[in-house]
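Here's a look at how a ligand sits in its protein. Have the model open as you read.

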Amino acid sequence: MKTNPFSPSSPSIPGMFAGRFDEIIAIEKILLQTRANKGHGFLLLGQRGIGKTSLLNFLKYQAEGSIETVEETLNFLVIEIDITKDTNQYTLIRKIETALKRKLAKTEKTKKLFSDIWGFIGRVEAGGFKINTSKDSDSELLFEDFSYSMADTLNRITNKNSTSIFEASYDGILLIIDEADNASKELQLGSFVKLLTERLQKEGTQQLMIGISGLPKTKEILVESHPSSLRIFEELFLDRLNDQDVRYVLKRVMEHCEVLNQETTELPKESEDLLVKLSEGFPHFIHQYGYCAFDLSDGKSISVANVIDGAFGRNGAIEKIGDKYYRDDYYNKIKVDSYRQVLSIMAEKLDDWVSKKFIKGKFKGSETTLNNALTALRTRGIILTKEGSQGTYRLQDKGFAWWIVMNHEKDQKKQQSV
Ligand SMILES: Nc1ncnc2c1ncn2[C@@H]1O[C@H](COP(=O)(O)OP(=O)(O)OP(=O)(O)O)[C@@H](O)[C@H]1O
Ligand SMILES: [Mg+2]
């Protein structure tokens with residue numbers, strides 16, 4: 001049996017990465033600025049499965065110098081951190097310290113130097129410090145200690161104003177914080193990054209570049225924590241890939257397939273076209289449709305029928321996509337048919353704003369039922385209301401809208417594709 005070359009559940013490896021040229025250039029510029037001690041951050045937003053983590057992986061390799069940038073090879077120390085619902089400022093600081101330690105404290109000499117700089121962690125631990133239950137002044141002191149240690153580390157790894165330095169010298173530190181939409185209120189992520197950046201600046205170093213990534217709501221989380229925290233970031237919003245990029249992904253996956261299995265599998269033009277059409281530029285759709293089609297194929301060639309059955313069949317790609325990303329919102333949070341009807345009507349306009357009048361024109365049911373449905377969907381955060389304009393709503397994202405459409409018109413679409 002052949003190994004399936006599609007990987008719907010893991011971020012893209014650099015060799016199979018497509019597109020995002022503008023974003024890569026924008027971030028490269030910030031990396032170069034950071035190296036020149038004039039850094040700032042970036043905020044990478046996008047809906048689920050759009051390719052945030054994949055792009056961050058690519059950037060990481062670039063920043064570390066394993067892939068060349070357009071201009072030159074870089075040498076950043078990269079730390080990657082995922083935020084969970086339980087992350088507080090103390091665990092965030094610990095995660096950063098642990099990641100730095102792994103990269104910097106390798107010999108006896110550097111271990112000693114590292115623990116001299118980051119000694120406050122040990123004192124905090126010995127004192128049984130608990131950030132969320134302790135006094136505000138404690139958290140403030142913790143933050144102070146942390147930012148000084150960070151400034152000190154930066155100066156020593158970039159060989160600035162210091163006699164005692166680490167063994168390798170770097171262009172700076174790239175701190176990548178993914179899944180930032182998980183950030184809790186207590187974490188105060190917005191003020192954390194804002195104050196850290198300002199403190200480092202005061203200490204004369206702007207060679208820390210912070211990249212924060214997550215769902216679009218991350219922006220509100222940051223603003224809520226600190227109104228002007230967005231100022232330190234360049235904002236990048238990831239949208240769908242274009243058809244050319246999708247074809248490139250398919251080409252690279254099929255090449256990878258040959259390496260994996262030491263035998264070629266054909267992807268005829270008609271099958272490729274259909275995969276492009278179905279995936280609508282959503283990276284996670286490409287891999288999921290491809291995966292299911294490959295699974296049903298004879299391993300020699302992926303036929304049009306394989307693509308169709310893989311997409312629409314039982315346990316097919318559409319079901320899998322829904323299970324992974326949307327079923328919770330669509331089925332589990334709302335059990336009432338009228339709610340789902342509203343979503344289907346709204347999905348006709350994808351994630352564009354839709355007026356209540358439009359929905360009412362198509363809704364089969366009483367006005368009270370419609371009102372109840374809209375209220376329920378709003379309070380559960382499944383649909384969004386336009387600020388300052390009553391009676392205008394939209395779905396959270398295009399992927400969700402597509403899934404609703406696909407799910408509803410499964411059979412209809414199936415006939416169209418044949
Ligand atoms: N630019 C790209 N080129 C090729 N494949 C991609 C690209 N971006 C994403 N993918 C593929 O799409 C899928 C989802 O990507 P990824 O996990 O990076 O998305 P994400 O935005 O981080 O999702 P989540 O919101 O769930 O964290 C993966 O299978 C990945 O391989
Ligand atoms: Mg991700």
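Which residues come nearest to ligand 1?

## The shell

S7, A18, K52, T53 and S54 come nearest, out of 22 residues around ligand 1 (a heavy atom within 4 Å counts as near). This is a predicted model, where local features need pLDDT of at least 70, side-chain atom pairs need 80 or more, and totals for chains, interfaces and linings use all residues. Residues are numbered from 1 along each chain, chains are lettered from A and ligands numbered from 1 as written, and side-chain values use heavy atoms, without hydrogens or water.

## Polar contacts

The T53 side chain puts an N or O atom 2.8 Å away, a backbone N or O atom of G49 sits at 2.9 Å, and a polar backbone atom of S10 is at 3.2 Å.

## Between the domains

Domain 1 (20-237) and domain 2 (243-312) both contribute shell residues, so ligand 1 lies between them; the bounds come from an automatic or database assignment.

Key: Polar contact = N/O pair within 3.5 Å; in protein donor to acceptor, adjacent residues only side chain to side chain.
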